[in-house]
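Thanks, everyone. I have one structure to walk through today. Please look at the screen.

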Amino acid sequence: SVEGKAGEVRQQLEEKESELSAKQVDVERVEKETQQLKEQLASLKVQHARFQEQGSAAGARVEALSRELECERSERVREREVAGAREEGFRSEKAKEHVFYTAREAELTAAVRE
């Protein structure tokens, strides 16, 4: 009968509409997940760029500190060299004074004996 056939077609149509509705929900879910993943990727790219900048800045800071430490070390070495030269000069002056006063003492002792 026509009514039976129409009912059957109506039922098939409802099943197909139900399947389409379920597929539409799946498509919407996948689109939403895809958008979330795109947003996460963009955020990660920003973080990555920030970390690279921080790494570059940290590397530059380490280089600057290294140069600064090397300058300080060189300055300390120069200070020690200058102090050593001063000490050597002081010892030399003391030795000269010792020789002078020893000679003067010998002269005075000789003068007293005469």
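Start at A60. With a relative accessibility of 42%, A60 counts as partly exposed. Here is the scale: buried means under 20% relative accessible area, exposed means over 50%, and partly exposed is in between, with a 1.4 Å probe and protein chains only. A60 sits in helix α1. Helices here are DSSP runs of H or I with at least four residues, strands are runs of E with at least two, and both are numbered from the N terminus.

Before I go on, a word on the source. This is a predicted model, so local features need pLDDT of at least 70 and side-chain atom pairs count only at pLDDT 80 or more, while totals for chains, interfaces and linings use all residues. Residues are numbered from 1 along each chain as its sequence is written, and side-chain values use heavy atoms, with hydrogens and water left out.

Now the overall shape. How many helices and strands does the chain have? One helix, zero strands. Helix α1 covers residues 2–113. Along the principal axes, the C-alpha atoms fill a box of roughly 165 × 15 × 10 Å. The radius of gyration is 48 Å, whereas a compact globule of 114 residues would have one near 13 Å. That radius is taken over C-alpha atoms, and the globule rule is 2.2 Å times the number of residues to the power 0.38.

Two distances make the point. From A60 to L37 is 23 residues in sequence and 34 Å in space, C-alpha to C-alpha. From E33 to A106 is 73 residues in sequence and 107 Å in space, again C-alpha to C-alpha. E33 also lies in helix α1, and E33 is partly exposed, at 38% relative accessible area.

What share of the 114 residues counts as buried? The figure is 0%. The chain exposes about 10,600 Å², and carbon and sulfur atoms supply 56% of that. Those areas come from the Shrake-Rupley method with a 1.4 Å probe; for residues, only the protein chains shown count as cover.

On to charge. The chain carries 21 positive and 26 negative side chains. Lys and Arg count as positive, Asp and Glu as negative; His and the chain ends are not counted. The centres of the two sets lie 4 Å apart. Each charge is placed at NZ of Lys, CZ of Arg, CG of Asp or CD of Glu.

Side chains of opposite charge can pair when their charged atoms come close. A search of the whole structure finds 10 salt bridges. The test is a side-chain nitrogen of Lys or Arg within 4 Å of a carboxyl oxygen of Asp or Glu.

Take R91 and E87. Their salt bridge is 2.4 Å, N to O. Both lie in helix α1, four residues apart, about one turn of the helix. R91 is partly exposed at 46%, and E87 is partly exposed at 44%.

A further set joins up: salt bridges that share partners link E75, R76 and E79 into one network. R76 bridges to E75, with the closest N and O atoms 3.8 Å apart. R76 also bridges to E79, at 3.7 Å between the closest N and O atoms. E79 and R76 are three residues apart in helix α1, about one turn. Partly exposed again: R76 at 39%, E75 at 37% and E79 at 42%.

Last, the aromatics. The whole-structure search finds one aromatic pair. F100 and Y101 form that pair, edge-to-face, 5.2 Å centre to centre, with 75° between the planes. For the cut-offs, rings of Phe, Tyr and Trp (its six-membered ring) pair if their centres lie within 6.5 Å; planes under 30 degrees apart count as stacked, over 60 as edge-to-face, and the rest as tilted. Y101 counts as exposed because its relative accessibility is 54%.
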